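Please take a first look at the structure shown here. A short report follows it.

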Amino acid sequence: MTLTPDQQQIILECSRDSAAAHKLAALFDAVSRQSDENQQRERFINHILATTPIVVYIYDLQAKRNIYINQQVRNIMGYQLEDLPVTDGSILQALAHEEDRDEVSRQREQLTHLADGQAIEFDYRIRHMDGSWRWVHAQESIFARSADGTPLQVLGVALDVTRRREAEDTLRLNEHRFRALFENTTDAIFMIGLDRQILAANQCAVTLLGYSLEELIGLDATRLTDPGERHEAERFWTAVMAGDSLPVYERTFIHRSGKRIFAEVNLALVRDADGRPMHVQSVVRDITARKRAEDALRESESYFRTIINTVQEGVWIIDDRLKTLYVNEFLADMLGYSRQVMVDSPLLAFLDDESRVTVAKLFRRRVRNVRHLDVRFIRADGAPLWAMMSVTALYDAGRPFGSLVMVTDITNRKQAEAALRMANAYNRGLIEASLDPLITISTDGLITDVNVATERITGCSRQTLKNTDFASYFTQPEQARDAYQRVFEEGNVKDCELAIRHRDGRVRSVLFNAAVYRNEDEHIVGVVAAVRDISDRKRMEETLRQTIAHNQALLNAVPDMIVRMARGGRYLDIKPAADFPPMRPPDELLHLTTADVMPPALVPSFLARIEAALQTGKMQFAEYTLHERGDDRVYESRMVRCSDDEVISIVRDITDRKRAEESLRENEERFRAIFESAAVGIAISDANGDRLGVNPALQKMLGYDFDELYRMSFLQITHPDDLPRELPLIEELRAGQRGSYQLEKRYRRKDGSYFWARASSSLIRQKTGEPRYGLVTVEDIHESRLAAQKELELAAERERVRILANFIQDAAHEFRTPLSIINTSAYLLGRVPDADTQTAHLSKISLQVKNITALVDNLLTLSRLDTDPTLRLRLLNLNDILSAAEVALGVPIGEKRHEMRHALADPPPLVEADAEKLHAALMNILYNAVRFTPAGGTITLRTYRSGAEVVAEVQDNGIGIKSESLKLIFNRFYREDVAHSTPGFGLGLPIARKIVEYHRGRIEVESTPQQGSTFRVVLPAHQE
């Protein structure tokens, strides 16, 4: 086996006989020279340096110049090596931006304090050959040291990160813009995850729905929707997840209090740069007020139109030029036109020539009101229609703007002779023209005839209805039967309320009006019934009742006093406050004025605000003090116009609030005095740690003035190495998991230097629990910290010298025996003549060389674990690793004829581990079992899972370990036999434990002398 230069150096340092060691090293070099491999390795390294996109350089600290830089420098700076603008000093530092040179120098100064394997990292700008500036990320470490450990050369790498820095700046700007829009828009904005859970929401969303931000985050968004609309919401969600572009739609949400909120919703699917869906953004606009206004208008208009369309007369509204503004359906049907055709047409166009002249003269004389004017219309089919017109003037704000014309069809009266010839006692044309269902009922309760309206309300044809039981079409047949029977008894029935059922199951509320009809002989032959549909009216009445009850409940819920006042301050109505009485009993205040009850000095101002509210329509505020109940009470009155001559005044007792504000002002003054004069530094920031307000003591510590610090955040004045410790504490503080925290950290002064301080941080919260201000007190402990650090470093150095001395002594002891054997055998090798004896001595030398090589390999392994514990983690099968260790030790296992037993878990336990290092650890443990188990003994390999951990177990029935030795077996160079007669160096178990601990695991040992030992390697299980 070839010894590396490191191995040869260890032999030289640890051997007492340096001449023998040099002779041995020369023998090794002669046997195992591999110059070709070294040349091939050098070519491979040069190829990597030539092809890597990273600039690699070596800087000599004594010569203060670069002694090597690869060709990739042209990719960052644009220069060829021969064209670089400087010939001595650091090339990269010479081209650095002047604002970054001091930072580069400070980072370079830290190199002298770095241990081997450590590195510094920093970003700075360098000038390209074309004059532009490029950002580079540099990483430097010690490449070479002198014999006394002084750093001589620095190895550095530099990578162009300009695009990354530009992207970060753009991302930061976009984030600020988005956050400003997110928090300041008047619409509620939600970010909803693909699982429909709310990820973020703005303050408008909190206000809109009544939930706190903490309650909204993580809430299933569908829970906020009215249950009756969730099926429709599901359809929109499916569409947006499919990538469809959705229009703005209306949706009803449920406030935390249970009230309904009407809103317009806009959904959009947000994708990442690769087009993968990330979340859904929802913008919600509250339209509750608009919807209620629309509903009220629609209800009012519906009520008006219902009346107009229900009345059994034609309604015609015209302006002063006789142009049609409105006609009802009854009139349109009467004349045979559609309402669309009649609107905007002149009234005169529908009259015959004679009636047109009469009506035109009437309106030219500006006769505003006319009763019972008979005219003749021309229907759409050309037939004449006699009607009686009643004209009533219409006024707006006292001015006539048109006329209401009521039109009653009197064609039947004009053609009375034709009507008298009708076979039946009733007019079929009138029945069919009626909007109300009309029914004739025989004396035995059977339907004899119906009109079209009856067919519509029942869903049955005339043929189906005839000769069927009248009462069977109502939800309560007995009540209907009683109604028409009372008609026969009493002659008529008026406004009997019943419920009729349509054939499709719909139920309509109706009023039953009926009278008997007779034949020519005056005998009763049946009943004529008119059924008027009042379902819409009842719904409107119920809605009105609920609205009144709702408004009354809202009014009663308001704790303030509510006063309705007329112009001039006259009291019209009063609702007393819940927490204070009015100036006089409400009954006494009615019809009095402000001047009657308020102090004279307050009256002019109060009346002026009432007039301002009436004139401008804007809310007016009045704040005044009254001496009541032996105390001065402060009141606030908010006045809004409710009509042209009336205002609503909401009066609130704000005495307690005013006193609290005064107490707060006094507390702030006391705090300001403490803040300005305190000997320790005090800083107050917003909840995010920005906009620092500091006292003079902290300004002096940091070297900044107040305005400079106000524009900064704590991140800018905290040492970067301290942020990973402090940021989790800040998050716990914001989340309410701790009330405060204290931390020793470093602050940066204005001149760039740092000092140690003890910072105590806490949050001042709003009533809602939301963070409002951050409060930090800072105590300068720099000098005491430096003194403690120096003491700690001295103690650490003494301990390091002690450990190094022990290590050298133990290593020298281990090398002494094999080197003595080699030295003796080499001496005798040249003095014995026979070949067999020479061969025996060479065998001894070869065996000891193997022992020394194994010892050196173990020492180098421990050294690498101490200086570079980097793990190359991947998912491993623990059964496979343990089995591989058994295969690697197959020769010694076979030589001792051990019986190997297996109890490996199925399915195999999985771990995230470095395959090479974990294999070495298990092989050292298994090799220990092989060495200390007599020939023919038994070794059991076992794996299993225990909770969140997995276990690899090696059990033997060998010589065991004494109880007093169990706590020493993991010490370096420890062997239980003092004479060191057993093979090995006492390094296998220390190596195994260090590897397992790097994997966040542990080694457990159980042993009984002369019965055997069990070693367990316990590791964290892979979390799927």
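## Basis

This is a predicted model, in which local features need pLDDT of at least 70, side-chain atom pairs count only at pLDDT 80 or more, and totals for chains, interfaces and linings use all residues. Residues are numbered from 1 along each chain as its sequence is written, and side-chain values use heavy atoms, with hydrogens and water left out.

## Helix H24

H24 runs over residues 603-616. Helices (H or I, at least four residues) and strands (E, at least two) are DSSP runs, numbered from the N terminus. From first C-alpha to last, H24 reaches 20 Å, close to the 20 Å expected at 1.5 Å a residue; the expected span is 1.5 Å times one less than the number of residues.

Val603, Phe606, Ile610, Ala613 and Leu614 are buried in H24. Down the axis of H24, its buried residues fall within an arc of 100 degrees (directions from the helix axis to the C-beta atoms), so they line one face of the helix. Buried means under 20% relative accessible area, exposed over 50%, partly exposed in between (1.4 Å probe, protein chains only). The face turned away carries the exposed Pro604 and Gln615. Just after H24, Gly617 takes a positive phi of about 75 degrees.

Two strands pair if DSSP finds at least two bridges between them. S13 (370-378) and S14 (384-396) pair in the antiparallel sense over seven bridges. Phe377 has Leu385 in S14 as its bridge partner. Five residues lie between these strands in their hairpin, where Gly382 has a positive phi near 90 degrees.

S14 also pairs with S15 (399-409), antiparallel, over ten bridges. Ala393 stands opposite Ser403 in S15. The hairpin of S14 and S15 has two residues between the strands, and Ala397 in the turn has a positive phi of about 60 degrees.
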